[in-house]
Each structure stands twice: as C-alpha cells, then as structure tokens.
Amino acid sequence: MDLTDSLDALKAILSCVQADGSQVSDALLEERQEAKLKKLKISELSPGMLLLATDEGRKRDKTTACMSPLLANNGEYDQNRACDAVLLRRTDDGYQVCYIELKSDTPSGYEGQFKSTRCFIRYVFDLCKELCGHSIKISRERFVVFHTDTKNAGRHGLRMKPKFTPRSANTPESPDKFCVRNGDAVRYTEFI
C-alpha cells in the first residue's frame, strides 16, 4: 500500500483513531457512567490532526484491557495502562503529541497511564518509519489532566502550579491540570 504521508500511515496502522481533523471539527471524550467527568468535547480540530481513543482501543474483547497481547497482563508494571486519549497535530517541524486524561475531583494515578501511552506512541512512530517509510519527529509533548471540582464550581481553566515550578515543566509526573465541568467544550489551542 503506497501511503502519501505520515498521517495516512498513522491512520492505516492504528485502529483507535476516534477523530480525523480533516473530517470533523469536534470530538467527544467519554468516561464510565459512574465517573463525575463523563464527557468532554475537544473542539476546533483541523486537518493534520488525529484524536486517538487509546484507553478504549485497548478493550477489543471482554478480557482484561491490554496494550498488546504480547505483553504480560499481571499488573506488576504499568505496561497495559493507557491515558484516555492522545491528540496528534502535524506541524512544519514534526508532530505535537498531547496525552489527555480525564479524572474526577482530586486527580491522581495518571503517571503510569501517561508513561505507558508515551511508550506506545513512540512504538507506533517507529512502525511508521520501519514499515511505511515515513519518519515522524516529535516536536513537542504535553501531558494534560482534565478534572472536575469537588463542588462542581464555576472555576474553569488551568490550575496554576506553585511559583517555584517553571510553567514549561510538563511531564507524566507533573502534567498541566485543567478544571472543567462535565460536558464542557475545550478548544485544543487551550492545552497544546
């Protein structure tokens, strides 16, 4: 199969593409019914963008969710965990990759999800290079947690980090956190 560019290669390799910015401008991220943050809309997607449903993509059958049947499923490490979604945005200098997790109230437990998903994305990019002939450079990585407030208050936006932490420090251990309400819409430009 002759693929014209890296975006076509990604779409051909992945089964978890939830939204293609060349076809839709909005995508809905959904969580379990018992979660406080059940739905969040990512808006203003544009051509050159893919939203991957990485968490849902692991659940192909009724067995325990896993990133690959080749990985042990003993829970000793986080190799089978995934964040809720990954937003890929092609730019002139490579791809911007934003790992997204939805949490309720006081967010925690996301570090392993982010790390495992980052490993998976790097693996997919290597597959594109080796099998499809398209090198993909990561120009920027972001880790973002969207979460509710315990009182469902009107507060919306980025939770600022303590002053001693540089704003640019964004890692699986220290993601940007945005307070939202269930059903809110967030423009991708607000977090990537």
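## Where helix 1 meets helix 3

Let's start at the contact between two helices: A9, L10 and I13 of helix 1 touch V124, F125, L127, C128 and C132 of helix 3. Sorted by class, this contact has eight nonpolar residues and no polar or charged ones. Keep in mind that the model is a predicted one.

How do the two helices cross? Packed helix pairs are described by the angle between their axes and the distance between those axes. Here the axes of helix 1 and helix 3 come within 10 Å and cross at roughly 105°. Angles of 65 to 115 degrees count as roughly perpendicular, so that is the label for helix 1 and helix 3.

## The buried face of helix 1

Helix 1 covers residues 6-13, and its buried residues are S6, L7, A9 and L10. Looking down the helix axis, you'd find these buried residues within an arc of 160°, so they line one face of helix 1. In an α-helix, residues three or four places apart point the same way, because there are 3.6 residues a turn.

What does that buried set pack against? The partners are strand 4 (49-52), strand 5 (85-91), strand 6 (94-103) and helix 3 (111-132). At the start of helix 1, D5 has a side-chain oxygen within 3.1 Å of the backbone nitrogen of L7.

## A look at E111

Over in helix 3 sits E111. With 34% relative accessibility, E111 counts as partly exposed. Leaving aside residues up to four places away in sequence, E111 touches P172 and E173. From E111 to C83 is 28 residues in sequence, and 9.2 Å in space from C-alpha to C-alpha.

Methods: Residues numbered from 1 in each chain as written. Predicted model: local features only at pLDDT ≥ 70, side-chain atom pairs only at ≥ 80, totals over all residues. Heavy atoms only, no water. Buried < 20%, exposed > 50% of the residue type's maximum accessible area, 1.4 Å probe, protein only. Helix = DSSP H or I, 4+ residues; strand = E, 2+ residues; numbered from the N terminus. Arc of directions from axis to C-beta. Contact = heavy atoms within 4.5 Å. Polar contact = N/O pair within 3.5 Å; in protein donor to acceptor, adjacent residues only side chain to side chain. Axes fitted to C-alpha atoms, helices over the stretch in contact; angles between N-to-C directions. Parallel < 35°, antiparallel > 145°, perpendicular 65-115°, else oblique. Nonpolar A, V, L, I, M, F, W, Y, C, P; charged D, E, K, R; others polar.
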